[in-house]
Amino acid sequence: RLAGFGAGALVLSGCGLLSGGRGDLPALSRPAPTGRVLEYTLEAAPTNFEIAGRELSTWGYNGGVPGPEIRVKEGDTLRVRVRNRLPAGTTVHWHGLPVPNEVDGVPHVTQSPIPPGGEFVYEFAAPAIGSYIYHSHVGLQLDRGLYGPLVVEPAREELSYDREYILMLDDWLDGLPGTPEDALGELRGSGRGMMGGMMRARGIEYPNYLINGRAPEDPASLTVRRGERVRLRLMNPSAETVFRFAPAGHRMTVTHADGQAIGPVEADVLRIGMGERYDVLLDADNPGVWQLAAVPEGKRGQARAVLRYRESAEESAPPADVQPPELQGRLLSYADLRDARERSFPDGGLFSGPDRTFELTLSGGMGRYVWQIDGQRYPEAEPLPVREGEWVRVQMRNHSMMAHPMHLHGHFFQLRNGTGCGPFKDTALVEAHMGELAFDFVADNPGEWFFHCHNAYHMETGMARVISYA
Ligand code: C2O
Ligand code: CU
């Protein structure tokens, strides 16, 4: 929308844009339908999966972890037939995409789980460009490997680059110490002890960290040629791990946060919480074979892929555990991120402020393994009411010892990061020990929307609410 001169006082926003009244709320503008329909089939089934030479059994889509790449253009209609060959009910959620409520894939909120042997067709027009994740939204199924990448391309690409790779970071229980359900039992203190020293107050020590389903001993290899510009889409569908990502020998230019364009910013290291995505560009100007490392924060180990120049085909990869010195370099923070289009809420004017503010505490993990939003546990928790068209603010304060990547379904929110035109995201980390975070969103997509911590174990033990349109 164009900045109009509405009823409110004229204010100079933090972005330097003149904005006026309520007509200027940065609501989602949906792309025109292209009329194209793209069909995919996802079969959720038990599957064998090999990491570092060991054959494991887990659950995945179409026989692999991650599941197949889904790629459409904005305005295309995506029709995904999901077949459930699991011994349990399942759903698919299109993480980050503001889809219509009835295809959002949240069990018992937007649909009943697809029963074993059943089928469900999700169909929607791709509402926004960007890098997204599709995943099961039932229990801890995400942590078994039921996830994959979804990319919505713009009608015309504005970035110029020569090659693109998707990197999905994961923490992995290898099935030997146990399943995700065993891990939850341990966390709750009712486990059989088989997972031994892996549980800690601050999270699970996983035996493996993976990129694109590959262990560090057998890394995915990204081939480039000198002189090329490479786009990486980094995604963290892991259950329980915040990663720090750094490419050795190269600097990153970060162009998108959670799929949405930001003013490009340079960094050596990116911190990427569960459910978050970042797109970065690398200029391939340093031939060799380089570590692309993802280090689990507060835990031991490393996931990696390697960047391999064609000119260096004969060189061997660095050892799996070598950490790039770049990990000590400049770490990107939320305060560095600005919306590329400099959109902002018309804040600060005499008559202009949010219609509704939720002040929420995040707590849990003390004594009992139970996590809460504002003292309430899902599913007993009351819904948070909004009305269509409202400007809603959410302010959170974290009273617990772990960081929480809070994720809102169905909407992009704007982070209040002090710049006045923070990035539009759908997932953001609220730091441990009294960390605070606030965001604004326009209630422009009616329905019942999940709002939760993307730590799968926190969500599963209560850290979720439903935002409900009156
Ligand atoms: Cu990744 Cu409630 O979702
Ligand atoms: Cu959490």
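## Basis

In this predicted model, local features need pLDDT of at least 70 and side-chain atom pairs count only at pLDDT 80 or more, while totals for chains, interfaces and linings use all residues. Residues are numbered from 1 along each chain as its sequence is written, chains are lettered from A and ligands numbered from 1 in the order in which they are written, and side-chain values use heavy atoms, without hydrogens and water.

Histidine 404 in strand S28 (residues 404-408) and histidine 458 in helix H3 (residues 456-460) link distant parts of the chain, 54 residues apart. Helices (H or I, at least four residues) and strands (E, at least two) are DSSP runs, numbered from the N terminus.

Histidine 404 is buried, at a relative accessible area of 0%. Histidine 458 is also buried, at 0%. Buried means under 20% relative accessible area, exposed over 50%, partly exposed in between (1.4 Å probe, protein chains only).

## A mixed sheet

Five strands form an open sheet. Their order is S15-S23-S22-S17-S20, and the pairing is mixed. S15 and strand S20 (270-272) are the edge strands, each pairing on one side only. Two strands pair if DSSP finds at least two bridges between them.

Inside this order, strand S17 (residues 243-247) and strand S22 (residues 289-296) pair in the antiparallel sense over five bridges. Phenylalanine 243 stands opposite proline 296 in S22.

## Cis bonds and positive phi

Most residues other than glycine have a negative phi, and most peptide bonds are trans. Here are some exceptions. The bond from valine 65 to proline 66 is cis, with omega near -5°. Proline 66 lies in the loop between strand S4 (54-61) and strand S5 (70-73). Tyrosine 378 and proline 379 are also joined by a cis peptide bond, with omega about 10°. Proline 379 sits in the loop between strand S25 (371-373) and strand S26 (384-386).

Asparagine 62 has a positive phi, near 55°. This residue is in the loop between S4 and S5 and is partly exposed, at 41% relative accessible area. Asparagine 212 has a positive phi of about 50°. Its loop runs between strand S14 (208-211) and strand S15 (221-224). Asparagine 212 is partly exposed, at 21%.
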